[in-house]
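Student: Hi! I have never looked at this one before. Could you walk me through it?

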Amino acid sequence: MNGTAFLSCGNIMSDVVERDDGSLSELKIGGPALYALSGIRLFTRDCRLVCQAGADYGESYGVWLDNNGITRQSVRVAAQYTSQHLIRHQRDGSYTWRSRFGTQLLGYLKTTPAHIGEACSMETRGVYLAQNTDPVFWEELARIKKENGFRLMWELEVPQPDDGIPEDKLQRVARVLPMVDIWSLNSTEAGYLFDMEKDREIAIIRRLQELPVRFTFFRVGKRGAYLVMPDRAYFCPAVTVERCVDPLGCGNCSTGAMLYGIVSRMEPEKALAAANVAAGFNAAQYGPVPLVTQEVTERALALVDRTAETVQRI
């Protein structure tokens, strides 16, 4: 297997958005791993998708990968269908979803540490993963990380109410953080984690600075995002690229771009700007950016430079 600098690992999910008037959007490819991959791809071709998919993935995800010059090599077919959800956005910026083919697909199509390990090589520099806090999973992934030397971006997966939320949620997160280099969460997840109102951003930042991790990408929806470090924090307003059509996947996309920025040794202000620029490109249509050309990348990089000038130190 040829080496790749950036791996985006985890679930892919097709979505249909239910609009307020009851109409439905066309089916759009998505899921955390694909959106994160699109955020990385905005800045580099040296990336790949590591996931398990349905046999139907080729006619949608496969076409997107081919068009954007990304190998299908680490996509495993493990079921008849790729997971598909009906999405409905709420006024507070959150969304609800229901599964079309059954929630069991989310279980047996999960990406495993072994699968990630097989996709790694000595050329692997950064790995994105949306994952819960299961200790067995993380012990195995930590071993693979140590063997390969990549930097790891963890996007927090918060349990659903019917999952049986563990009462020691903060302790479970704190046990995972020493194994990662960067992690990402949004304001709703932070409010859940610290048992406080999600709009208490400065108070949340102070709590985030106490955790055992160097970089925290703290996303606050339409307002923008913070990059939090133990001794300082930066804020960047949201970026609009032409228009805002659909915010779905912006958090994953910006998280992938943040991984690229940190691993590529961008200054914190510029890495944060890159993340928000990626979210702006993602929101400009339903689904990920359909085609990333050299011209698109150059346009994104120019916008990163301009956006970095608006970043504020907190």
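This is a predicted model: local features need pLDDT of at least 70, side-chain atom pairs count only at pLDDT 80 or more; totals for chains, interfaces and linings use all residues.

Student: Okay, core to begin with. How many residues does the largest nonpolar core have, and which have the most contacts inside it?

Tutor: The largest nonpolar core has 58 residues. Phe43, Met258, Leu272 and Phe281 are those with the most contacts inside it. Helix H10, which covers residues 268-282, gives the largest share of this core, with 8 residues.

Student: What is Phe43 in contact with, leaving aside neighbours within four places in sequence?

Tutor: With those neighbours set aside, Phe43 is in contact with Ala257, Tyr260, Ala274, Ala278, Thr297, Ala300, Leu301 and Val304.

Student: And what does the second core include?

Tutor: The second core is separate and has 37 residues, including Ala119, Leu208, Val220 and Val228. As background, nonpolar side chains in soluble globular proteins tend to be buried together.

Student: Back to H10. At what angle do H10 and H11 pack?

Tutor: The angle between H10 and helix H11 (residues 294-308) is about 130 degrees, and their axes are 8 Å apart. That angle makes H10 oblique to H11. The crossing of these two helices, H10 and H11, is right-handed.

Student: Which residues make that contact?

Tutor: On the H10 side they are Glu269, Lys270, Ala273, Ala274, Val277 and Phe281. On the H11 side you will find Val296, Arg299, Ala300, Leu303, Val304, Asp305, Thr307 and Ala308.

Student: How do H9 and H10 cross?

Tutor: The axes of H9 and H10 cross at roughly 145 degrees and come within 8 Å. This crossing, H9 past H10, is right-handed. From H9, the residues that meet H10 include Cys250, Cys253, Ala257 and Met258. Among their partners in H10 are Ala271, Leu272, Ala274 and Ala278.

Student: I see an asparagine in H10 too, Asn276. Is it buried or exposed?

Tutor: Asn276 counts as buried, because its relative accessibility is 4%. Apart from neighbours within four places in sequence, Asn276 is in contact with Gly224, Ala225, Cys236, Pro237, Ala238 and Val239.

Student: Let me switch to the loops. Where is Arg265?

Tutor: Arg265 sits in the loop between helix H9 (250-263) and H10. Its phi is positive, about 65 degrees, although Arg265 is not a glycine.

Student: Why point that out?

Tutor: Because most residues other than glycine have a negative phi. Arg265 also counts as exposed, since its relative accessibility is 73%.

Student: What about Asp195: where is that residue found?

Tutor: Asp195 is in the loop between helix H7 (187-194) and helix H8 (201-208). Its phi is near 55 degrees, again a positive value in a residue other than glycine. Asp195 is exposed, with a relative accessible area of 62%.

Student: Then how many residues of H7 are buried?

Tutor: H7 is mostly covered, with 6 of its 8 residues buried. The buried ones are Ser187, Glu189, Ala190, Gly191, Leu193 and Phe194. They pack against strand S8 (151-156), helix H6 (169-176), strand S9 (182-186), H8 and strand S10 (215-219).

Student: What happens at the start of H7?

Tutor: A side-chain oxygen of Asn186 reaches to within 3.1 Å of the backbone nitrogen of Thr188 there.

Student: And H1, how many of its residues are buried?

Tutor: For helix H1 (residues 32-41), the count is 10 of 10. The buried residues include Pro32, Tyr35, Ser38 and Arg41.

Student: A strand next. Where is Trp97 found, and how exposed is Trp97?

Tutor: Trp97 is part of strand S6, residues 95-99. Its relative accessibility is 34%, so Trp97 counts as partly exposed. The C-alpha atoms of Trp97 and Ile87 are separated by 4.6 Å, with the two residues 10 apart along the chain.

Student: Last one: what does the side chain of Glu147 make a polar contact with?

Tutor: The partner is the side chain of Arg143, at 2.6 Å. Glu147 lies in helix H5 (residues 135-148). From Glu147 to Phe281, the C-alpha to C-alpha separation is 35 Å, and they are 134 residues apart in sequence.

Key:
Residues are numbered from 1 along each chain as its sequence is written. Side-chain values use heavy atoms; hydrogens and water are left out. A nonpolar core is a set of buried Ala, Val, Leu, Ile, Met, Phe, Trp, Tyr and Cys residues joined through side-chain atoms within 4.5 Å. Buried means under 20% relative accessible area, exposed over 50%, partly exposed in between (1.4 Å probe, protein chains only). Helices (H or I, at least four residues) and strands (E, at least two) are DSSP runs, numbered from the N terminus. Contact means heavy atoms within 4.5 Å. A polar contact is a pair of N or O atoms within 3.5 Å; within protein, one must be able to donate a hydrogen and the other to accept it, and residues adjacent in sequence count only if both atoms are side-chain atoms. Axes are lines fitted to C-alpha atoms, for helices over the stretch in contact, and angles run from 0 to 180 degrees between N-to-C directions. Angles under 35 degrees count as roughly parallel, over 145 as roughly antiparallel, 65 to 115 as roughly perpendicular and the rest as oblique. A crossing is left-handed if the near helix is turned anticlockwise from the far one by less than a right angle, and right-handed if clockwise.
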